[in-house]
Amino acid sequence: GRQEALSMKVQDIEKLVPTFMGASQAVLDSVVFVHQDESNWPLDDALTVKKKFDSIFNLSGYTKAVDAMKKVRLHNVHEVDKH
């Protein structure tokens, strides 16, 4: 492979590592570089596992959008029922 020397701050490197490895920061933290003591998180309670998966797959925005659509739909159903 090709070697390249870079000079930058640690915070800059932390932003580049996920890009170079082709994985999100959440995947690196939760799967690749997880400490042995924390590696059993898939066996935790359902809420903890859901939060971890949401973090890994970046689902928080998706979940918020789905919740917003449900609220709008429910509001529209109530409006139709009034008329």
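Let's start at Phe20, which sits in helix α1; helices here are DSSP runs of H or I with at least four residues, numbered from the N terminus. Keep in mind that this is a predicted model, where local features need pLDDT of at least 70, side-chain atom pairs count only at pLDDT 80 or more, and totals for chains, interfaces and linings use all residues. Residues are numbered from 1 along each chain as its sequence is written, and side-chain values use heavy atoms, with hydrogens and water left out.

Phe20 belongs to a nonpolar patch on the surface, together with Met8, Ile13, Val17, Met21, Val31, Val32 and Phe33. Patch members have over 30% relative accessible area and no salt bridge, and their nonpolar side chains are joined within 5 Å. Together they expose about 750 Å² of accessible area (Shrake-Rupley, 1.4 Å probe). Helix α1 (10–21) and α2 each give two or more residues, and the largest share, four residues, comes from α1.

Now follow α2 (residues 25–32) to α3 (residues 46–56): the two pack at about 135°, with axes 8 Å apart. Ala26, Val27, Ser30 and Val31 of α2 touch Lys52, Ser55 and Ile56 of α3, with contact meaning heavy atoms within 4.5 Å.

Finally, in α3, Lys50 and Asp54 are separated by about one helical turn because they are four residues apart. Their side chains meet in a salt bridge (2.7 Å, N to O), defined as a side-chain nitrogen of Lys or Arg within 4 Å of a carboxyl oxygen of Asp or Glu.

Notes: Axes fitted to C-alpha atoms, helices over the stretch in contact; angles between N-to-C directions. Patch = residues over 30% accessible without salt bridge, like charges linked within 9 Å, V, L, I, M, F, W, Y side chains within 5 Å.
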